[in-house]
Amino acid sequence: MSLRFTPLLVGVSTLLALPAAMAAERVQVVTSFSILADMVENVGGEHVEVNSLVGPDGDTHVYSPRPGDARALAEADLVVFNGLLLEGWMDRLLDASDYQGQLVTATDGIEALDYHPHDHSGEHAHDSDEAHDHSHEHAHGSDEAHDHSHEHAHDSGEAHDHSHEHAHDSDSDEAHEHDHVHGDQDPHAWQDMAQAEVYITNIRDGLIDADEANADDYRANAERYLAEMAELDGELRTLLEDVPASATVITGHDSFGYFANAYGVRFLSPYGLSTEVEPSGASMASLVDVINDENVQALFHENMTNPSVIEQLAEETGLEIKGTLYADALASEGPASTYLGMMRHNAELLHDALAQAGDAELAHDHSHDHAHEHEHEHEHEHSH
């Protein structure tokens, strides 16, 4: 009796072995953080197996590589990281793993924004009208994605100066040193979807170099994904047109410079480019003064930063926390668990908080003008 079942047992064992064999044949890709992992999965499709060193809701700035990370890199066919010193630990990890495979720096070829920490006691560093006008200068096309990234021209210094102010104590040597360690350029380029197009072309080319046999699939997947990105980018620009030019928000750290530059929303932050150093008391006091004196509408948590600082600002100023933005990491689940979903979530949350604030401000101005006009008419009748 047992002999009759032997072919069936062999067949079942063969089927069970197939998934493991298929996984082994896929291109083994290691990414530094979750946003890059999602991009690679969209371009690589069924041909890739992706391992992200920093997972959803994780903070890439303060990540400390584990022993298993070096082993993962040693066994990888392709490694993808952001660059611009976002991952200050990556060079050490590459050396420790003795990695010899393909390496993709996702930001190669972008128009990087220069980063200059500012004291909030200084003058405004953001011309919102200019940012809104600039946000309509983008032209998208999936076939021209790489060229477009270079046509998206900025004067880096001016662009960043007009994007947002920073809540730094200019006398804080420690904070300045840590920002300097993270470079003189803002690494958070994925927050501008036009810049993120360069990420996709770099990932596509890296996958082709690592697996030329499936090059046509990688090109087709990249073209499809770039088209989806361009469509969403247009939706975000249209949505955020409703946000008043003077609208200002405060969030966890200086991760939204590219978003500000592209979509015309002004951001302030108690942290610098990195979350490694807690903001100083002077920096917090300065930011409280800015909130009280200027047109700051809302506070936002970030999913990967310490919420206590934002909560302290809310307690001291009475300003409402309007929700959670996703800056350097995807959500573990839900709409913001993909890059496109994250960008849509952020834009919709900002729109809901700021467009309503703008409507309230407009209504207040209208009622003031109406009262002034009524008072003027009353005085005119009285004089007669």
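Colleague: Where is the place of leucine 85?

Modeller: Leucine 85 sits in the loop between S3 and helix H4 (90-97). Bear in mind that this is a predicted model.

Colleague: What is the phi of leucine 85?

Modeller: Phi is about 65° there, a positive value, although leucine 85 is not a glycine.

Colleague: Is leucine 85 buried, exposed or partly exposed?

Modeller: Look at the relative accessibility. Leucine 85 has 46%, so it counts as partly exposed.

Colleague: Where is aspartate 98, and what is its phi?

Modeller: Aspartate 98 lies in the loop between H4 and S4. Its phi is near 55°, again positive in a residue other than glycine. Aspartate 98 is exposed because its relative accessible area is 55%, and exposed means over 50%.

Colleague: Let me step back. How many helices and strands does the chain have?

Modeller: The secondary structure comes to 14 helices and 8 strands. The chain has 384 residues, and buried residues make up 50% of them.

Colleague: How do strands of a sheet pair?

Modeller: Strands of a sheet pair through backbone hydrogen bonds, either parallel or antiparallel. Now the case here.

Colleague: How many bridges join strand S1 to strand S3?

Modeller: Strand S1 (residues 27-33) and strand S3 (residues 78-81) run parallel and are joined by 3 bridges. To see one place in this pair, find valine 30: valine 79 in S3 stands opposite.

Colleague: What joins strand S5 to strand S7?

Modeller: There are 3 bridges between strand S5 (residues 248-250) and strand S7 (residues 296-302), which run parallel. Threonine 248 has valine 296 as its bridge partner in S7.

Colleague: At what angle do helix H12 and helix H13 pack?

Modeller: Compare their axes. Helix H12 (residues 281-293) and helix H13 (residues 307-317) pack at about 50°, with axes 10 Å apart. That angle makes H12 oblique to H13. The crossing is right-handed. On the H12 side, the contact is made by Met284, Leu287, Val288, Ile291 and Asn292. On the H13 side are Val309, Gln312, Leu313, Glu316 and Thr317.

Colleague: Which residues have the most contacts inside the largest nonpolar core?

Modeller: Met39 and Tyr339 do, in a core of 81 residues. Leave out residues up to four places away in sequence, and tyrosine 339 touches a list including Ile35, Met39, Trp190 and Leu330. A second, separate core has 14 residues, among them Val288, Val309, Leu313 and Leu319.

Colleague: Is leucine 36 buried or exposed?

Modeller: Leucine 36 has 0% relative accessibility, so it counts as buried. Leucine 36 belongs to helix H2 (residues 34-44). Beyond its neighbours within four places in sequence, its contacts include Val80, Phe81, Ala106 and Tyr199.

Colleague: How far apart are glycine 58 and methionine 304?

Modeller: Sequence and space give two answers. The two are 246 residues apart in sequence and 5.6 Å apart in space, C-alpha to C-alpha. Glycine 58 lies in the loop between S2 and helix H3 (67-74). Glycine 58 counts as buried because its relative accessibility is 17%. Residues up to four places away aside, glycine 58 touches Met304, Asp328 and Ala329.

Terms used:
Residues numbered from 1 in each chain as written. Predicted model: local features only at pLDDT ≥ 70, side-chain atom pairs only at ≥ 80, totals over all residues. Heavy atoms only, no water. Helix = DSSP H or I, 4+ residues; strand = E, 2+ residues; numbered from the N terminus. Buried < 20%, exposed > 50% of the residue type's maximum accessible area, 1.4 Å probe, protein only. Contact = heavy atoms within 4.5 Å. Pairing = 2+ DSSP bridges. Core = buried A, V, L, I, M, F, W, Y, C linked by side-chain atoms within 4.5 Å. Axes fitted to C-alpha atoms, helices over the stretch in contact; angles between N-to-C directions. Parallel < 35°, antiparallel > 145°, perpendicular 65-115°, else oblique. Left-handed = near helix turned anticlockwise from the far one by under 90°.
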